[in-house]
Amino acid sequence: MTISNTIFQFDFKKLNSKNQVTDLSGNNVFTNQGTCSIYEDTFMGNCMKFPGGTGTSPMDGNYLLSESLQSQHIDVSAGLTLSTMVKLNSFGKYSCFSCIGSTALQNIIVFQLHDTIDGSFIYTHVDAAGNMSRTTVDSAHNLKLNTWYHLAVTVPADGSSAQLYINGSPVSSTDTKTGSTINFLPAAGDSLFQHHEYIGGGNHNHVYPTLDGYMAWTAFYNKELGATEINKDMELASANRNRSFQKTFPVDFLLTSDYEGDHVPALYLEGKGTGQKL
C-alpha cells in the first residue's frame, strides 16, 4: 500500500543505536533531542512516547529533529498534507505534532494544539513577511485526552483553504489571518524546507511545552490528498502494529448437551478481520 508524493512516513516502532528514528523509505532520519522513548501501548503496540516539557525556555522538552531534510527544497506546488496518529496525556499550549520551517516565526508550517488547552487543534502557515493564515477546528470536534486519533490537514495547490480530518472524516474549522489574504501554502522559492523539521516540538522563538503524549505515525506529502488517500494513510498508520485486538479473533461460544450433565463447548469463527483468512 503506497501513496505517491510521500516526503516521509514514520511509524515509530523503534529507535536505533544512535537514538534516531528512520522513516519507512529508509532515507529520512530524525534524532531524539531529549528523553523520548519507545513505549508499548496496549492498543497500538510500539509507539513514540513524548514526555512533554515545562515550557520554561524555547524548545524546552523533548522532540525529534530532522537530520536529512534540512538541505532540501521541497516543491509544494501541488499542495501538501500532514498527518499523525496521536494519544495525548495533556493539552499543552501550542504543543506541536509537526513543524517544518525556519528558526524564526517566518517561512513555517505547523500542525499543533491551540493555546486554549481544551482539545482544539490548528494548522498554521506563516509566510516570509510574517503574515499568518490559520484554521482552527470547531469546538464540536475538540480532542479528548487518552484517546487515539488519526489527524490530518490538506492544502490545495492554490493555498486558499485547509481541510482538517479526524479519523478519516473531514471536520469543520474556522479560518483566521493577519495578512490581506488567506494563504495556507508556502510560495515557490520560499526557504521553508531548508531549515528545520520537528516532530513533537517546534521552533517558534516562543516558550511553549513540547508534546505530552504518544505518537504512532506522522507523515508529510507534497500534494493535497483526497478523502480516499486520507483513509489509506490512516490504514497505513494502524497497519501491522501488533495491537491487542489484532491478536484475537471474532468468536462465539456454543454450548451443547448431548447427554445429561455433559456440556461440551464448541468454538467457531463467525467472521474475519482485514488481512485475515478463515
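The model is predicted: local features need pLDDT of at least 70, side-chain atom pairs count only at pLDDT 80 or more, and totals for chains, interfaces and linings use all residues. Residues are numbered from 1 along each chain as its sequence is written, and side-chain values use heavy atoms, leaving out hydrogens and water.

I begin with the cores. A nonpolar core is a set of buried Ala, Val, Leu, Ile, Met, Phe, Trp, Tyr and Cys residues joined through side-chain atoms within 4.5 Å; buried means under 20% relative accessible area, with a 1.4 Å probe and protein chains only. The largest such core has 40 residues, and F97, F121 and Y123 have the most contacts inside it. A second, separate core of 16 residues includes Y214, L225, I230 and L236.

I turn to the cysteines. A search of the whole structure finds zero disulfides, a disulfide being a pair of cysteine sulfur atoms within 2.5 Å. For C96, the nearest cysteine sulfur is that of C99, 5.1 Å away. C96 is buried, at a relative accessible area of 1%; C47 is also buried, at 0%.

Spanning residues 227-238, α1 has 12 residues and reaches 17 Å from its first C-alpha to its last, close to the 16 Å expected at 1.5 Å a residue. Its buried residues are I230, D233, M234, L236, A237 and S238. Among the elements covering them are β1 (6-10), β7 (80-88) and β17 (212-221). After α1 comes N240, with a positive phi near 55 degrees.

Conventions:
Buried means under 20% relative accessible area, exposed over 50%, partly exposed in between (1.4 Å probe, protein chains only). Helices (H or I, at least four residues) and strands (E, at least two) are DSSP runs, numbered from the N terminus. The expected span of a helix is 1.5 Å times one less than its number of residues. Contact means heavy atoms within 4.5 Å.
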